[in-house]
Amino acid sequence: MPGRGMLMSGRNLFDTPDPLLDDIPLLPELLQQSGYTAFGTGKWHNRRGSYSRCFNTSGRVFFGGMNDQFAMPVNDFDPAGKYPPEETYLADGYSTTVFCDDMIDFLKARGPDDEPFFAYIAFTSPHDPRTPPAPYDTMYDPAEIELPPNFLPEHPFDIGVRDIRDEVLAGYPRGEDEIRRHIADYYGMISHMDMDIGRILDTLEARGLSENTIVIYTSDHGLGVGQHGLMGKQNLYDHSMRIPLIMRGPGVPAGMRSSAMLYLHDLYPTLLQLAGVDIPASSAGHSLVNVLSQATSKHRKLIFSAYQGVFGHPESNPYQRSVKDGRHKLIQTVVDGTVTWQLYNLMEDPYERTDLIDQPGNDNVIAELKRCLRKRQARSNDPLVTEADTKPPAL
């Protein structure tokens, strides 16, 4: 929910509550005001009324976090944003294909001379239940799957998530064969989704729209699937926090790769700028246009991440905070008042296997990253930050 809120509002994590604030201009809303048709289909894990603010036409939409991929409860578009429960029905088909079909139907009705459009499709795949359709359910042989380099039977210490839903999808300790089975199913769902996305791109080409359409593929999080002994997303390791971002189209150099660090909500001002739409003052994102134009390979100096400690009584929940620069990442975990710090050199150890927190020679790095972490918490309106936290740590 916060990830979608950040993308649609351009706001920081702690400024994107669900429901999305009514007084914050949303990305498709602004594009509509500039003459764009805004189409959506797929998963919308936010308030139903905000969906109707974003889109003026739509395919089938799923309001929720997860469900049976073969029996997805969906609603047809309601401009009033009501979506009464009695109008929910089960989609006939596999979720990925259902949503892709709706996107393709929208594109087939458009031509190069029509008004510009913003089209948004959000998949439930490859979220569990990991049930790829045939023949993708047998595409990957678990016996041939390589375990990730940072596979562990169990996480080395308690991060407060052992008994949540994601983590009980596999037993303790994690068995190698069981993890291979999960990865094989995960890959099957991804390959099936890749095929269906190909159908969308083929439709763009057939309608003469490819050369003038910016296409973006991204996500809200990754998954452990056995890495660090974890199954889900509820952690701040890079396998859960570092997400894909693939772009193509006008203004995007072909074959370019960039190491620039960015947030999901940086897409908000980027797309507005590329569309020639004014960026509102409420945006906390930084446009990527200079990165795309290759004017710079730098974007943000630090990335601040958070898990939990947000809703209700944040101080009573297990929570994590992290900050990383171009080389190091510092992670703070708090469970029942016990604080654990971790330090990784991502340049030398991208799989975060060697914790450097107690190794000699890192005191200055740790102190600086702690200072940066508290500063970023304060800047982001983190409810856990205090005035004492923002003071420089003692060396």
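Buried means under 20% relative accessible area, exposed means over 50%, and partly exposed lies in between (1.4 Å probe, protein chains only). By that cut-off histidine 228 is buried, because its relative accessible area is 4%.

The structure is a predicted model, in which local features need pLDDT of at least 70 and side-chain atom pairs count only at pLDDT 80 or more, while totals for chains, interfaces and linings use all residues. Residues are numbered from 1 along each chain as its sequence is written, and side-chain values use heavy atoms, with hydrogens and water left out.

**The sheet**

Helices (H or I, at least four residues) and strands (E, at least two) are DSSP runs, numbered from the N terminus. An open sheet is formed by 3 strands in the order 2-1-5, and their pairing is parallel. Strand 2 and strand 5 (117-122) stand at the edges with a single partner strand each, so one side of each has no neighbour in the sheet. From one strand to the next, the twist averages 10°. Angles of this kind run from 0 to 180 degrees between N-to-C directions, and the axes are lines fitted to C-alpha atoms, for helices over the stretch in contact.

Two strands pair if DSSP finds at least two bridges between them. Strand 1 (residues 37-43) and strand 2 pair in the parallel sense over 4 bridges. Within this region, glycine 40 stands opposite serine 58 in strand 2. Strands of a sheet pair through backbone hydrogen bonds, either parallel or antiparallel.

**The cores and helix 7**

A nonpolar core is a set of buried Ala, Val, Leu, Ile, Met, Phe, Trp, Tyr and Cys residues joined through side-chain atoms within 4.5 Å. The largest one has 26 residues, and Trp44, Phe55 and Tyr120 have the most contacts inside it. Two or more residues come from each of helix 1 (2-9), helix 2 (27-33), helix 3 (48-54), strand 5 and helix 7 (267-274). Helix 7 gives the most, with 4 residues. Another core, of 17 residues, lies apart from this one and includes Tyr263, Ile303, Val323 and Trp341.

Contact means heavy atoms within 4.5 Å. Leaving aside neighbours within four places in sequence, phenylalanine 55 is in contact with residues including Met8, Ala38, Gly40, Trp44, Phe118 and Tyr120.

Helix 7 is mostly covered, with 6 of its 8 residues buried. These are Leu267, Tyr268, Pro269, Thr270, Leu271 and Leu272. The buried residues of helix 7 pack against helix 1, helix 2, strand 5, strand 6 (215-218), strand 7 (245-248) and helix 8 (289-292). Glycine 276, which follows helix 7, has a positive phi, near 75°.

The table lists residues from separate parts of the chain.

| Residue | Location | Relative accessible area |
|---|---|---|
| Phenylalanine 63 | loop between strand 2 (57-62) and strand 3 (73-74) | 14% |
| Histidine 182 | helix 5 (residues 176-206) | 15% |
| Valine 225 | loop between strand 6 and helix 6 (238-241) | 5% |
| Glutamine 377 | helix 9 (residues 363-379) | 2% |

Not counting residues up to four places away in sequence, phenylalanine 63 touches Trp44, Asn46, Arg48, Tyr51, Asn75 and Tyr83. Phenylalanine 63 and leucine 152 are 89 residues apart in sequence and 35 Å apart in space, C-alpha to C-alpha. With the same exclusion of residues up to four places away in sequence, glutamine 377 touches Phe304, Arg321, Asp382, Leu384 and Val385.

The side chain of histidine 182 reaches the backbone oxygen of leucine 169 at 3.3 Å. A polar contact is a pair of N or O atoms within 3.5 Å; within protein, one must be able to donate a hydrogen and the other to accept it, and residues adjacent in sequence count only if both atoms are side-chain atoms. Apart from neighbours within four places in sequence, histidine 182 is in contact with Arg130, Leu169, Ala170, Val225 and Met231.

**Backbone details**

Most residues other than glycine have a negative phi, and most peptide bonds are trans. Valine 225 is not a glycine, but its phi is positive, about 45°. Histidine 228 is not a glycine either, and has a positive phi of about 55°. Histidine 228 lies in the loop between strand 6 and helix 6.

The peptide bond from aspartate 128 to proline 129 is cis, with omega near 5°. Another cis bond runs from alanine 134 to proline 135, with omega near 0°. Proline 129 is found in the loop between strand 5 and helix 5, and proline 135 is also placed in the loop between strand 5 and helix 5.
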